[in-house]
Amino acid sequence: MAKKQYSFYPGCSSQKAASASNYMVSVDAMCDVLDIELNEIPDWNCCSASIGYAGGGELPRLALSARNMALSEQANPDQDIVATCAACWLATKETQERLHEDGDLMKETNEALAQAGLKVKGDQKIRHMVEVLIEDFGYDELGKHVKRPLEGMKIAGYVGCQTNRPFGIDGESFENPKYLDKLVETMGAEPLDNYEKKVSCCGGALAFSEPEKSQALIKDIIESAYDGGAEMIVTPCPVCQMNVEIYQDQINQKYGTKFKMPVVYYSTLMSVAYGKNGKEAGLDGQVIRAKQLEEVANK
Amino acid sequence: MSDLNTQMVEQYRNSFLREVEANVEEGDWVKMCMQCGVCSGSCPFGPHWEHPPQELFMMIRAGKREEVLTSSSMWMCTSCYNCIVRCPRELPITHIMHGLATYAKRLGMAPKEQPTMKFAQKFWDNLSKTGRVNELKLGISLYFMNGFSEGVKTSLKMKDIGLNMMKAKRLNPMEAVGGHKCKDAKGLQAILKKAQEIEEGRIANSGYAK
């Protein structure tokens with residue numbers, strides 16, 4: 001297959017030494033195997049995620065994503081925009097939809113962008129990395145690159161919210177999407193069937209502002225994975241990954257549980273199965289080590 | 001519909017609904033709610049809402065301006081989008097909740113100590129300074145948002161999480177002095193300033209804002 005090129009929007013959490021830097025490391029390793037070239041949008045900015053709304057309001061928020069689209073149109077005009085972060089993907093897609101639906105908003109947004117000499121059309125397709133994998137490669141092709149199948153691992157596919165709603169992945173249902181389970185299977189592991197928390201909310205940004213309410217949700221997400229016999233959780237979202245992984249000690253303290261469940265990205269699983277070593281797969285970025293994957297990666 | 005009838009409908013429509021339609025993001029959808037309650041039943045924070053979305057929609061139509069805008073309810077939205085995909089009438093409920101919260105804050109009517117409101121503002125200030133989020137500064141400002149002594153307590157409580165993240169190289173202490181940023185942060189700020197001006201102008205001219 002020929003090299004595939006995309007206009008890449010990494011997002012704040014994927015930057016060096018940021019909270020999802022391990023995600024980026026594993027995405028790079030995965031793309032190396034699949035011969036994907038990610039052309040970073042020059043000087044991209046934050047999308048304001050799902051929490052900036054109350055500080056910024058509507059138009060300033062849309063202007064943020066519009067600036068990224070405008071820069072992408074200049075630098076990588078013939079490529080689809082691809083994001084690895086659920087919130088980045090959602091905010092950019094939402095902005096595109098809003099601008100095309102409402103001519104006044106499009107006009108006002110361009111009026112704002114003109115302050116920095118920019119102009120947006122918003123015609124580039126905006127996609128999540130998972131869509132690239134499923135639609136531009138397909139499970140069969142993805143499976144061909146597996147060198148070390150993740151045999152004997154039972155993994156709960158936690159899709160979460162924003163990679164799934166409101167846009168979701170084509171052909172998947174909002175209530176019971178299967179793509180993550182299929183990816184797990186393609187890598188040679190066993191997906192957890194009937195994982196009832198697979199699209200439940202982890203609290204998102206409110207894990208910071210409403211920690212107790214959010215941790216109650218997170219507890220259920222982890223507990224249900226344990227109940228099904230999973231030894232690991234996999235997710236496509238940086239906020240899901242962080243929220244479900246890093247508060248386990250606090251949850252154990254509060255609820256008397258003994259959680260120690262590794263939470264990894266689909267790209268972590270894929271780079272390990274594709275033969276990358278632990279560092280290349282970002283396994284050193286786990287707060288709760290994924291020992292099962294380390295064993296395979298360091299073979 | 002006759003002109004007179006149209007005129008009467010316009011004249012007697014509840015004015016808070018019209019205010020919401022004019023000034024709240026996606027507010028013109030509110031009248032479409034059919035009160036089925038699927039949104040309220042689908043919300044992960046459902047039990048924590050004083051007035052769940054379905055109720056807020058009815059309250060808006062009933063003109064309960066003060067009760068709606070001073071409520072903490074819409075600040076409970078986690079942006080999970082469950083309500084959006086399940087609403088039989090396809091109301092963009094998540095956005096309306098964000099819009100109501102933002103509007104209440106804009107009018108100075110939101111509860112003063114609402115933690116998500118404070119966090120949202122800190123997040124916005126943080127990102128608009130350099131164009132990219134500085135996670136270290138955001139975290140620290142969040143711990144200290146309820147004053148110094150509360151901040152020390154929260155920092156101690158969160159110490160292990162911070163250390164774990166640093167050990168995993170997912171939190172950089174050096175962000176305290178520098179950190180990631182856009183090269184054209186000035187241009188970005190000019191864009192945001194203009195967008196804010198346009199939006200404020202739009203609301204000021206709608207005839208309802210204070």
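The model is predicted. Chain A splits into domain 1 (4-129) and domain 2 (149-297). Four strands of chain A build an open sheet with parallel pairing. Chain A also touches chain B: 50 residues of chain A are in contact with 53 residues of chain B.

**Two domains of chain A**

- Domain 1 of chain A covers 4-129, and domain 2 of chain A covers 149-297.
- Their centres, taken over C-alpha atoms, are 25 Å apart.
- Domain 1 of chain A puts 21 residues into the contact, and domain 2 of chain A puts in 22 residues.
- On the domain 1 side, helix 1 (21-34) and helix 4 (86-101) of chain A each supply at least two residues.
- Helix 1 of chain A gives the largest share of that side, nine residues.
- By class, the domain 1 side holds 13 nonpolar, seven polar and one charged residue.

**The sheet of chain A**

- The strand order in the open sheet is 2-1-3-4.
- Strand 2 and strand 4 (126-128) of chain A are the edge strands, and each pairs on one side only.
- From one strand to the next, the twist averages 45°.

**Strand by strand in chain A**

- Strand 1 (residues 4-9) and strand 2 (residues 36-40) of chain A run parallel and share five bridges.
- In this pairing, Phe8(A) stands opposite Glu40(A) of strand 2.
- The chain passes from strand 1 through helix 1 to strand 2 of chain A, in a right-handed β-α-β crossover.
- Strand 3 of chain A pairs in turn with strand 4 of chain A, in the parallel sense over three bridges.
- Ile81(A) stands opposite Ile126(A) of strand 4.

**Helix 3 against helix 4 in chain A**

- The axes of helix 3 (residues 58-75) and helix 4 of chain A come within 9 Å.
- They cross at roughly 95°.
- Angles of 65 to 115 degrees count as roughly perpendicular, so helix 3 and helix 4 of chain A are roughly perpendicular to each other.
- Helix 3 of chain A brings Leu62(A), Ser65(A), Ala66(A), Asn68(A) and Met69(A) to the contact.
- Helix 4 of chain A meets them with Ala91(A), Thr92(A), Thr95(A), Gln96(A), Arg98(A) and Leu99(A).
- The residues of this contact are five nonpolar, five polar and one charged.
- Helix 4 of chain A also supplies at least two residues of the domain 1 side that touches domain 2 of chain A.

**Chain A against chain B**

- The contact takes 50 residues from chain A and 53 residues from chain B.
- Six helices of chain A each supply at least two residues of the chain A side: helix 1, helix 2 (53-56), helix 3, helix 5 (103-113), helix 9 (206-209) and helix 10 (211-227).
- Helix 3 of chain A gives the most to that side, with five residues.
- The chain A side divides into 22 nonpolar, 19 polar and nine charged residues.

Note on methods. Residues are numbered from 1 along each chain as its sequence is written. Chains are lettered from A and ligands numbered from 1 in the order in which they are written. This is a predicted model: local features need pLDDT of at least 70, side-chain atom pairs count only at pLDDT 80 or more; totals for chains, interfaces and linings use all residues. Domain bounds come from an automatic or database domain assignment. Two residues are in contact if their C-beta atoms, placed from the backbone, lie within 7 Å. Ala, Val, Leu, Ile, Met, Phe, Trp, Tyr, Cys and Pro count as nonpolar, Asp, Glu, Lys and Arg as charged, and the others, Gly among them, as polar. Axes are lines fitted to C-alpha atoms, for helices over the stretch in contact, and angles run from 0 to 180 degrees between N-to-C directions. Angles under 35 degrees count as roughly parallel, over 145 as roughly antiparallel, 65 to 115 as roughly perpendicular and the rest as oblique. Two strands pair if DSSP finds at least two bridges between them. A crossover is right-handed if, with the strands pointing away from the viewer, the path from the first strand over the helix to the second runs clockwise.
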